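Open the model in your viewer and keep the sequence panel beside it. The stops below go from the sheet to the ligand and then to a helix.

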Amino acid sequence: MVASVSKCRVCREPAIIDLPRHNANFCAEHLLQLCRRQVEKAIADHDMLSLDDRILVAVSGGKDSLAIWDILLELGYRAEGLYIGLGIGDYSDESGGYAQRFADERGLTLRTIDLRGEYGYDVPTAAKVTKRVPCSACGMSKRHLFDEAARAGGYDVVVTGHNLDDEAAVLFGNALRWDVEYLARQLPVLPARDGFPKKVKPLVRLTEREMAAWCIVRGIDYQVEECPMAVGNKHLGYKEALNSIERQSPGSKSAFYLNFIERMAPILASHSRAAAGELVACSSCGAPTTEPDSGDAPVCGFCRLRGRVAGHDPVPVELVLHGGARTAYRAARLAAGSAASPGATADGRTAQ
Ligand code: Q46
Ligand code: ZN
Ligand code: ZN
């Protein structure tokens with residue numbers, strides 16, 4: 001946000017935000033206009049959505065997913081929400097509350113899935129039992145459940161709130177390793193195929209800061225805290241690195257990502273193995289999955305994970321965190337007046 005002496009580039013009224021990558025300041029009204037136009041451009045450039053589509057928005061309770069739901073409704077799309085309760089302690093409880101209040105205040109349909117209540121596990125427990133980073137089990141569970149909900153509910157497309165910062169950070173990580181398979185699939189649209197719904201990211205032209213500003217101007221209350229499981233996540237480091245470059249050279253982040261999509265992605269398209277792989281139905285849940293080499297019945301990654309971790313006693317969030325992350329989590333809980341006692345048994349709270 002900027003001092004009131006700055007003027008909006010469009011109307012010359014006092015500005016509320018400076019956007020160095022546009023080399024301009026904007027008032028509230030014209031910030032909203034800019035955000036809407038960027039979403040419309042992303043949708044049009046990549047043929048993401050049509051007004052007839054039944055859209056399912058993946059809602060986390062954070063600024064991005066609530067903002068894109070809000071923007072799509074403003075633009076006249078038919079969008080409902082799905083919130084998945086991941087069981088990440090107080091963070092999930094609070095996030096679910098923000099999502100539900102957003103929907104209730106606007107009379108919107110928000111579907112909810114409670115991972116522990118309906119599938120017998122939560123993200124901290126899955127991380128502990130599998131000894132893998134929490135985001136791995138979490139991401140896979142979310143993808144599976146959003147796909148399944150879209151299939152079961154007859155939705156045409158799943159919308160996620162990934163923004164420019166998210167996508168640039170993922171691109172940065174993939175480019176650091178020159179992971180051609182991942183680079184080839186890092187597109188703002190994944191078309192429907194073999195039982196998977198179409199998935200789109202209409203916020204790829206907008207930054208985290210712009211989305212936070214959208215929510216503030218529109219009076220949207222959202223989960224401000226980061227997921228405690230994200231501490232130490234490589235993508236946070238990539239975001240910091242890109243932000244440092246952006247401060248030196250405004251516009252670098254969007255050029256890095258948007259020029260990749262325009263210039264490199266078409267060159268890499270032929271490397272996308274995903275388009276070529278044969279898929280079969282999971283013998284347990286029916287979801288599309290790859291055929292096992294062994295000749296065994298096919299079982300998808302989600303069902304394998306669930307089979308391994310369901311039924312384990314819930315593991316409290318802080319027992320999954322290490323070192324500084326655990327200290328930071330305890331401090332945050334103390335500050336919030338809800339310190340979890342070390343070693344306490346989790347209570348299987350619902351919501352994300
Ligand atoms: S993947 Fe990882 Fe997120 Fe899941 S564990 Fe938290 S940070 S919520 S987008
Ligand atoms: Zn203005
Ligand atoms: Zn399955």
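Two strands count as paired if DSSP finds at least two bridges between them; strands (E, at least two residues) and helices (H or I, at least four residues) are DSSP runs, numbered from the N terminus. This is a predicted model, in which local features need pLDDT of at least 70 and side-chain atom pairs count only at pLDDT 80 or more, while totals for chains, interfaces and linings use all residues. Residues are numbered from 1 along each chain as its sequence is written, with chains lettered from A and ligands numbered from 1 in the order in which they are written.

**The sheet.** Select the six strands of the open sheet, which has mixed pairing and the order β5-β4-β3-β6-β8-β7. β5 (110-114) and β7 (189-190) are the edge strands; each has a single partner strand, so one side of each lacks a neighbour in the sheet. Next, select β6 (157-159) and β8 (198-200), which pair in the parallel sense over three bridges. V159 has V200 in β8 as its bridge partner.

**The ligand.** Show ligand 1 with the residues around it (C-beta atom, placed from the backbone, within 6 Å): V123, P134, C135, C138, G139, C227, M229 and A230. Helix α6 (134-153) gives the largest share of this shell, four residues.

**The bent helix.** Move to α11 (252-268), which bends by about 45° at I261; the bend is the angle between axes fitted to the seven residues ending there and the seven starting there. Colour K253, S254 and Y257, which are buried in α11 (20 or more other C-beta atoms, placed from the backbone, within 10 Å of the residue's own).

Key: A residue is buried if 20 or more other C-beta atoms lie within 10 Å of its own, exposed if 12 or fewer, and partly exposed in between; C-beta atoms are placed from the backbone.
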